[in-house]
Amino acid sequence: MNRRIILLIVLIVLTCQVINAQFAWPDGKKAAIVLSYDDGLNSHLDNVVPQLNAFGFKGTFFLYGYLPENRFDEWKQVSDQGHEIGNHSLFHPCKGNGKAGKSSRFYSENYDVPSILREIGMMSKLILAITGKKPVSYAYPCGETVVGGVDYSDSLKQSGLVKYARNGKDTDGITSLDNLNPYKVPAYGVKQGSSANDLIQYAKTVVKNGGLGIFLFHGVGGDYIDVDAGVHQELLEFINDQQDEIWVATFTEVMGFVQNTKN
Ligand SMILES: [Zn+2]
């Protein structure tokens, strides 16, 4: 074969490898998965934490001000066990759209940026009082990065209140990690009544794409937007079986690794 053609083929192969280069996760793993749970629900303490602990997985729990006082001690234990406790604001403001049962004062469209930042600061103090640790991460209530018509993700960054923030709307895992804005990290919102297959399918896609997949659960075996506790258990079993390929860690651990690797 002509040497020039051989050289051309080698060049094409090398170029393809560069294009397909996947993010280098620790210990040669193919993908990272974060298991996150919103709203500080009782079903997290009752069902999720025991399941995670049985596998030795660390989860990330985003708490807001509505927390039953009689379970503060258990949240402290969860934090002591190495799970991450993140900030989910104090009043959980979301777009109102005339929602019944919530004062319009707490609709996100009626907020301004200083109000939400002050509120996040207050919640960090509450979490510090409960767990002894200040939260490092934040999850936008209802995945909304906008209050009063203004995107506050940059202001949140400048405030120094947290280092990382999670919003919503991921379907295939995050693959463009070099361009990832740490104050707008997408997550896969688990829908009510999802099957084990739905959840495992997402995990498989994340592994196939070599990316970062962040599960966003609400209720597990209770509460709302819930999935069956057995479904959650099946997902953990799947991830446990794939431990050679999947790195399971908290949101802050994974984001710290991503930040250090790309810099
Ligand atoms: Zn929430």
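Q: Where does D39 sit, and what makes us call that place a loop between two named elements?
A: D39 is placed in the loop between β1 and α2. β1 covers 31-38 and α2 covers 42-55. This is a predicted model: local features need pLDDT of at least 70, side-chain atom pairs count only at pLDDT 80 or more, and totals for chains, interfaces and linings use all residues. Residues are numbered from 1 along each chain as its sequence is written, and side-chain values use heavy atoms, with hydrogens and water left out.

Q: Why is D39 called buried?
A: The relative accessible area of D39 is 5%. Buried means under 20%, exposed means over 50%, and partly exposed lies in between (1.4 Å probe, protein chains only). At 5%, D39 therefore counts as buried.

Q: What stands out about the phi angle of D39?
A: Phi of D39 is near 90°, which is a positive value in a residue other than glycine. D27 also has a positive phi, near 55°. D27 is found in the loop between α1 and β1, and its relative accessible area of 72% makes it exposed.

Q: Which residues coordinate the zinc ion, and what makes them donors?
A: The zinc ion is coordinated by D39 (OD), H88 (NE2) and H92 (NE2), at 2.0 to 2.1 Å. Donors are N, O and S atoms within 2.8 Å of the metal (3.2 Å for Na, K and Ca), and water is not among the atoms, so sites may look incomplete. Along the sequence the donor residues follow the spacing D-x48-H-x3-H. D39 lies in the loop between β1 and α2 and H88 in the loop between β3 (84-87) and α4 (113-131), so this pair ties together parts that are 49 residues apart in sequence. Both D39 and H88 are buried.

Q: How do you know that D38 and R166 form a salt bridge?
A: The closest N and O atoms of D38 and R166 are 2.7 Å apart. A salt bridge needs a side-chain nitrogen of Lys or Arg within 4 Å of a carboxyl oxygen of Asp or Glu. The pair meets that rule and counts as a salt bridge. It links distant parts of the chain, with D38 in strand β1 and R166 in strand β7 (residues 164-166), 128 residues apart. D38 is buried, at 3% relative accessible area, and R166 is buried too, at 1%.

Q: How many salt bridges does this rule give?
A: The count comes to six.

Q: What makes E245 and K30 a salt bridge, and where do the two residues lie?
A: Their closest N and O atoms are 3.0 Å apart, and the pair is a salt bridge. E245 is in the loop between α7 and β10 (246-248) and K30 in the loop between α1 (3-19) and β1, 215 residues apart. E245 has a relative accessible area of 23%, so it is partly exposed. K30, at 41%, is partly exposed as well.

Q: Which residues join R71 in one salt-bridge network?
A: The side chains of R71 and D46 meet in a salt bridge at 2.8 Å, N to O. R71 is in the loop between β2 (60-63) and α3 (72-80) and D46 in helix α2, 25 residues apart. R71 is buried at 13%, while D46 counts as partly exposed at 40%. Salt bridges that share partners join D46, R71 and E74 into one network.

Q: Why is E237 called partly exposed, and which surface patch includes it?
A: E237 has a relative accessible area of 35%, so it counts as partly exposed. E237 is found in helix α7 (residues 229-241). D228, E234, E237 and D241 gather in a patch of negative charge on the surface. Patches are made of residues with over 30% relative accessible area and no salt bridge, with like charges joined within 9 Å and nonpolar side chains (Val, Leu, Ile, Met, Phe, Trp, Tyr) within 5 Å.

Q: Is V231 buried or exposed?
A: V231, also in helix α7, has a relative accessible area of 11% and is therefore buried.

Q: Why is R4 called exposed?
A: R4 lies in helix α1. Its relative accessible area is 71%, so R4 counts as exposed.

Conventions. Accessible areas come from the Shrake-Rupley method with a 1.4 Å probe; for residues, only the protein chains shown count as cover. Lys and Arg count as positive and Asp and Glu as negative; His and the chain ends are not counted. The place of a charge is taken as NZ of Lys, CZ of Arg, CG of Asp or CD of Glu. Helices (H or I, at least four residues) and strands (E, at least two) are DSSP runs, numbered from the N terminus.
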